[in-house]
Amino acid sequence: MIISFRFKNFRSFADETFMDMRAVGYKEHPSHLIRSKNRRLIKTLAVYGSNASGKTNLLLALASFHVYIYQQLFTIRSIGKNPLLSALHHVDAGRIVPFWCPEPDEEPIDMELSFISQGHTYEYGFSLFQGTVLTESLALDNHIVFTRTGDQIHPGRLYEKFAPEKMNLGIRSNCLFCTILSCMDSPSILEVIRPFEYYFSHGISYYFEFIEHLKLWENSREEKAVYRLLEKSEALNYALKHMRILGMPVEDVIYEHGIPKIGYRIRSPRTGESMVHYACMNDFSNGTLKLLSLFEEIFLLLKRGGTLVIDNISNDFHPAVIKYMVDLFQQETNENAQLVFTTYDVSILNNRQFRRDEVAFVDINQVRQSRLYTLADIKVRSDASFSKDYLLGKYGAIPMVREEQARDQSE
């Protein structure tokens with residue numbers, strides 16, 4: 001689970017930015033909190049903002065950080081097992097690039113993630129400048145494992161005997177030292193690195209709409225998800241059950257001549273007889289297929305723990321479906337899964353659905369610098385009308401129509 005994510009000088013975010021999943025001391029919605037190691041973490045974070053404000057860049061900061069680590073920790077062959085990370089690995093969207101500025105790059109990119117994996121708390125971060133690793137650090141359960149400045153490694157007190165100079169290890173300027181730790185066979189180092197590796201292979205799942213338009217795969221992401229579901233009966237049953245609750249008469253998924261087909265229940269208008277009709281996936285909407293895929297991820301995350309990150313959850317789904325998915329994460333029985341998503345759907349933007357620390361905004365200024373803030377940051381009252389006040393412009397992060405330019409366009 002994510003505790004916090006800090007970054008600076010990335011795409012439209014020039015200044016230091018915190019995505020903080022630590023709960024503020026509010027009393028409302030106690031069931032929306034995960035309690036772990038004397039911490040209270042929020043289960044959901046909804047991010048609002050106007051078009052082109054930087055909402056996707058916020059999620060890309062986390063995903064690009066993840067991809068950079070993932071491609072060094074694991075082999076290229078393993079990267080292909082994660083469709084989204086594999087896609088981001090090959091396109092510019094997955095690159096760690098500095099703030100978009102006409103001046104030459106002079107500031108490094110800083111990124112640091114604090115997270116919980118297999119009962120341990122990690123803090124890991126690095127700074128990059130034009131592909132060179134300037135600094136790097138890793139801490140486990142509040143104990144420093146190592147810090148790095150350039151090619152100099154400084155082990156923490158508990159790990160001094162595993163210093164790289166004693167292991168005759170060289171460090172390339174574009175290589176993360178955590179990948180060198182992953183190659184060591186010392187029991188003490190393995191205790192540190194195994195939960196670390198597990199988190200970056202299983203701890204975060206992503207859904208980005210623009211990836212579908214890149215057409216990087218022979219089949220769509222949703223089609224591959226259906227193949228995976230057929231191999232996981234529990235996940236499939238979970239997905240079908242929740243889709244039926246949402247009023248979709250899906251009954252089963254089968255293989256027919258090597259092709260997955262979805263069965264849905266129909267009833268004869270003449271006889272009233274009920275039967276299951278199987279159809280190819282091309283006959284179903286993108287929203288239906290996407291729901292199958294998402295419910296698979298939700299099932300796995302609720303079971304093993306982790307964070308689901310969705311860019312523009314508003315696409316393809318009715319507001320009632322969005323609310324239902326948010327409710328799944330906010331339910332009291334969920335003890336180890338989080339949902340972070342961007343959206344335009346204001347129907348769920350209210351104090352019955354969210355705590356004030358669960359609602360964030362991304363706004364952008366005239367020089368195209370994005371900033372992130374929450375309702376808690378701007379001291380909004382708990383009884384405020386979130387959606388009404390947001391649409392009135394009280395919180396910012398909405399489109400501001402420039403009347404003079406609008407008149408020029410109409411003439």
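Let's start with a strand pair: strand 7 (residues 120-129) and strand 8 (residues 132-140) run antiparallel and share eight bridges. Here strands are DSSP E runs of at least two residues and helices are H or I runs of at least four, numbered from the N terminus, and two strands pair if DSSP finds at least two bridges between them. Within this pair, Glu123 sits opposite Ala139 of strand 8.

A note on the model: it is predicted, with local features needing pLDDT of at least 70 and side-chain atom pairs counting only at pLDDT 80 or more, while totals for chains, interfaces and linings use all residues. Residues are numbered from 1 along each chain as its sequence is written, and side-chain values use heavy atoms, leaving out hydrogens and water.

Now widen the view. An open antiparallel sheet is built from seven strands in the order 2-1-6-7-8-9-10. Strand 2 (17-20) and strand 10 (152-155) are at the edges with a single partner strand each, so one side of each has no neighbour in the sheet.

In strand 9 (residues 143-149) you will find Thr149.

Finally, look at two helices. Helix 8 (residues 233-245) packs against helix 9 (residues 286-304) at about 120°, their axes 8 Å apart; axes are lines fitted to C-alpha atoms, for helices over the stretch in contact (heavy atoms within 4.5 Å), and angles run from 0 to 180 degrees between N-to-C directions.
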